[in-house]
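Dear colleague,

Here is the structure I promised to hand over. Please have the sequence and the coordinates open while you read, and my notes follow below.

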Amino acid sequence: MKNIFYFSGYKLMIKKILLIIFLILMQKFVIAETIYVSNEKDHNISVIDGNSLEVIKTIKVGHRPRGIILSKDKKKIIICTSDDNRITVVDVASLEVEYYLPSGPDPELMVMDEDGKFIYVANEDDNMVTVVDYHGRKIVKEIPVGVEPEGMALSPDGKILVNTSETTNMAHFINTETLEIEANVLVDARPRVAQYTKDGKFVWVSSEIGGTISIIDPVKYEIIKKIEFSIPGLSKESVQPVGIRLDNKRKLAYIALGPANRIAIVNMNTFEVEKYILTGQRVWNLMINSDGTKLFTTNGVSNDISVVDIDKRKVIKSIPVGRYPWGVAIKE
Amino acid sequence: MKNFFFVLFFLFCNLIVPAKSENIQQIKIVHINRIIERAPTIYSINPEIKNNGILGSRMGIKDNNTTGKFTNQKFELIEKNIMPNESAKAIFEEFRKNNYKFFILNVSKDDFNKILSSDLIGESILINTSLKDNDLRNEKCNKQVLHISPSYMMVTDALTQFLKKKNWTKLLLISGTNERDKQFASSIKISAKKFGLKIINEKIWDFTHDFRRTADLEIVKFTQGEKYEVLVLADEGNTFGDSGNSFGDYIPYRTWKPIIVVGGEVLKPTSWHFAHEQWGGNQMQSRFLKYSKRLMTNIDFNSWLGVRVFGEAITRSKSLDPRRILVQIMDEKFNVAAYKGKPVSFRKWNGQLRQPILLVTPRALVSVSPQNGFIHPRTELDTLGIDEPDTKCKFN
């Protein structure tokens with residue numbers, strides 16, 4: 001009898017331990033983030049585990065994947081597969097390509113509205129911004145813009161879409177109701193990325209060849225400030241701002257400086273550069289993780305991702321991915 | 001009666017149309033293109049490139065007009081071919097009499113000199129897309145001329161930097177006999193001195209017969225007994241442009257020693273090549289291919305960039321006054337995106353566009369100069385070509 005009691009007690013204990021382990025695992029699983037990186041030359045995306053910071057899977061998605069975002073319900077990864085002239089949708093749970101969306105020719109960057117209904121796509125070769133009905137899986141409208149459209153940003157209220165055109169050197173302000181251009185602001189050469197501040201009062205636009213960040217007042221359509229960068233020992237030409245992420249909590253902006261192989265931390269109140277952080281080579285796009293502790297950068301020449309500890313202001317890890325890593329998206 | 005209504009209708013139409021285009025600024029750019037009688041080329045399979053340069057200008061106009069839609073500007077290209085028996089100067093002066101101000105020139109050196117001698121230049125701006133002559137950037141410079149085409153000194157500096165980087169420093173120079181070959185040869189001698197390379201010997205290629213059948217024998221003897229690491233060809237081709245070489249293709253693989261050959265079309269320093277894909281280059285290549293139905297040549301690229309420089313300067317200065325436009329172009333902050341990874345801009349001391357130079361084989365890109373490690377207090381791009389202290393150009 002004693003033996004049996006002992007045995008069932010032992011069994012219970014194992015059950016309890018298993019439950020605790022399961023709960024710990026679950027908790028970890030819930031907190032764990034996943035990072036998705038598009039590899040332009042390898043035609044795939046790398047899936048990185050947010051805890052171990054290692055690549056756990058590579059998914060073939062189509063030719064020349066660049067812009068990458070998550071759907072608003074966080075259930076799908078949406079990728080511009082530029083050379084296939086369409087958008088590829090990957091399921092987050094199965095990590096498999098699920099279906100394709102039409103995008104117009106050569107889609108590069110895109111933005112989704114807050115309701116998750118429309119995707120606005122920049123068609124680089126076609127001088128168009130295409131509006132795609134995400135659920136209806138069809139093109140709603142094509143808006144003619146400047147030559148080589150690229151950067152895409154939506155105002156917090158969703159009423160204005162900003163698109164930059166690389167060769168026309170403009171930021172176009174598009175009314176999302178009428179889908180007409182309301183104003184154009186001339187910026188420095190080769191504008192790449194646009195970002196609205198959280199309060200919707202300013203738009204930050206990077207000019208890769210001009211080497212500057214223009215801060216635009218979206219009501220007056222005027223540039224109120226231009227940020228320049230100067231890094232000791234580096235020529236002015238090698239400082240080529242591309243990616244912009246605004247950290248509204250800390251009031252800091254992170255700017256990727258391309259072949260300068262650095263990101264700049266800019267104070268959003270004073271517009272002063274507070275620090276340059278060395279990353280991998282040709283750093284282009286950036287993403288802040290969900291709790292705001294880490295910044296992930298895509299480094300196109302060194303074929304890796306730099307993980308920056310935002311508080312310590314330094315790179316804590318480099319993660320090798322595919323060739324020409326281009327865009328990055330993060331799921332909580 | 002019917003006719004009367006028709007006339008009324010016609011008058012009415014005339015009334016509406018001008019009212020609509022009232023505040024649109026019209027800008028006319030003239031592309032002058034010298035047609036040459038085609039010299040016999042080495043291989044008959046090399047097709048003649050049709051509309052070389054003009055297709056680049058056309059795309060530049062298209063790009064300018066996409067921007068113009070938002071700035072109320074309309075650009076128009078006037079294309080003019082100069083036939084073999086026609087005078088470039090007379091044609092240029094005809095345009096000037098009709099007050100055309102902006103010119104893209106793809107002409108011969110002789111044409112260019114004659115155009116520069118015209119009394120009707122006035123305030124017009126001339127963009128050179130094809131001539132590499134150093135003297136046009138030195139003694140014969142003109143403040144109204146901008147050179148998008150790199151100079152001989154820029155391309156030989158680009159090639160020599162690459163050789164220096166590889167540590168291939170002992171050169172044998174084989175030079176052709178035409179004026180352009182000689183300029184390339186004299187430039188590479190200056191470049192070699194500048195970057196610490198040694199030209200062991202120089203040989204002149206003055207054979208006139210067709211080498212198709214005898215190259216195997218002759219070139220072995222021609223290169224025998226020389227102590228060198230790299231064979232450099234000064235072979236700038238048969239025409240005034242960059243369309244093909246005259247002897248360079250016979251040299252590789254037929255030398256006495258197993259040796260690297262550069263220059264000519266073998267490894268050519270140039271402003272553009274269709275295999276160039278970096279820094280958005282593939283966007284440019286695919287846009288051009290789609291629009292023009294052929295690959296983009298360096299003259300197409302130079303012409304495209306020339307039209308874009310006019311467009312950018314006019315958009316930014318908001319002016320059609322050539323004096324203001326020229327000030328805008330020569331401004332230190334004026335730079336243009338040219339798909340070459342670095343902003344390109346004009347040197348104020350001679351009107352030359354500073355730009356990276358591609359080193360290419362007929363089908364592939366090998367390297368881009370300036371090479372890493374060649375530094376300059378102003379910009380690394382100024383390690384290529386005639387620098388400010390060395391200039392013999394005096395604008396008056």
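Two residues are taken to be in contact if their C-beta atoms, placed from the backbone, lie within 7 Å. Please keep in mind throughout that this is a predicted model. On that basis, the contact between the two chains takes 19 residues from chain A and 15 residues from chain B. On the side of chain A that touches chain B, the residues divide by class into five nonpolar, seven polar and seven charged.

As for confidence, the model scores ipTM 0.75 and pTM 0.84. The mean pLDDT of chain B is 89, with 88% of its residues at 70 or more. Within chain B, residues 13-21 have a pLDDT below 50, and this stretch makes zero contacts in the model beyond near neighbours in sequence. Residues 239-244 of chain B also have a pLDDT under 50, but for them the model has 18 contacts beyond four places in sequence.

Chain A

The secondary structure of chain A comes to one helix and 28 strands, and 49% of its 332 residues count as buried. Taken along the principal axes, its C-alpha atoms fill a box of roughly 90 × 50 × 35 Å. The radius of gyration of chain A is 22 Å, which agrees with the value near 20 Å that a compact globule of 332 residues would have. Among the contacts in chain A with a separation of 6 or more, 41% are accounted for by residues 24 or more positions apart.

Asn85(A) sits in the loop between strand E5 (76-81) and strand E6 (86-91) of chain A, and its phi is near 55°, a positive value in a residue other than glycine. Asn85(A) counts as partly exposed because it has 18 C-beta neighbours inside 10 Å. Arg190(A), which is found in the loop between strand E15 (180-186) and strand E16 (191-196) of chain A, is likewise not a glycine and has a positive phi of about 60°. Is Arg190(A) buried or exposed? Arg190(A) has 29 other C-beta atoms within 10 Å and is therefore buried, since the cut-off for that class is 20 or more. Asn269(A), in the loop between strand E22 (262-267) and strand E23 (273-278) of chain A, is exposed, because 8 other C-beta atoms lie within 10 Å. Between the C-alpha atoms of Asn269(A) and Ala329(A), which are 60 residues apart along the chain, the separation is 27 Å.

Chain B

Chain B has 10 helices and 14 strands, and 47% of its 396 residues count as buried. Of its contacts between residues at least 6 apart in sequence, 71% join residues at least 24 apart. Chain B is divided into domain 1, made up of 20-149 + 273-355, and domain 2, which is 153-270. Taken over C-alpha atoms, the centres of domain 1 of chain B and domain 2 of chain B are separated by 30 Å.

The part of chain B that I can describe in some detail is helix H3 (residues 88-97), in which Ala88(B), Ile91(B) and Phe92(B) are buried. Seen down the axis of H3(B), these buried residues fall within an arc of 100°, so they line one face of the helix. An α-helix has 3.6 residues a turn, so residues three or four places apart point the same way. On the other side of H3(B), Ala90(B), Glu94(B) and Lys97(B) are exposed. What covers the buried residues of H3(B) includes strand E1 (25-34), strand E2 (73-82) and helix H4 (109-116) of chain B. After H3(B) comes Asn99(B), which has a positive phi, near 65°.

One further backbone feature of chain B is the peptide bond from Ser369(B) to Pro370(B), which is cis, with omega near 5°. Pro370(B) lies in the segment after strand E14 (365-369) of chain B.

How values were computed. Residues are numbered from 1 along each chain as its sequence is written. Chains are lettered from A and ligands numbered from 1 in the order in which they are written. This is a predicted model: local features need pLDDT of at least 70, side-chain atom pairs count only at pLDDT 80 or more; totals for chains, interfaces and linings use all residues. Domain bounds come from an automatic or database domain assignment. Ala, Val, Leu, Ile, Met, Phe, Trp, Tyr, Cys and Pro count as nonpolar, Asp, Glu, Lys and Arg as charged, and the others, Gly among them, as polar. Helices (H or I, at least four residues) and strands (E, at least two) are DSSP runs, numbered from the N terminus. The radius of gyration is taken over C-alpha atoms; the globule rule is 2.2 Å times the number of residues to the power 0.38. A residue is buried if 20 or more other C-beta atoms lie within 10 Å of its own, exposed if 12 or fewer, and partly exposed in between; C-beta atoms are placed from the backbone. The arc is that of the directions from the helix axis to the C-beta atoms. pLDDT is the predictor's confidence in each residue, from 0 to 100.
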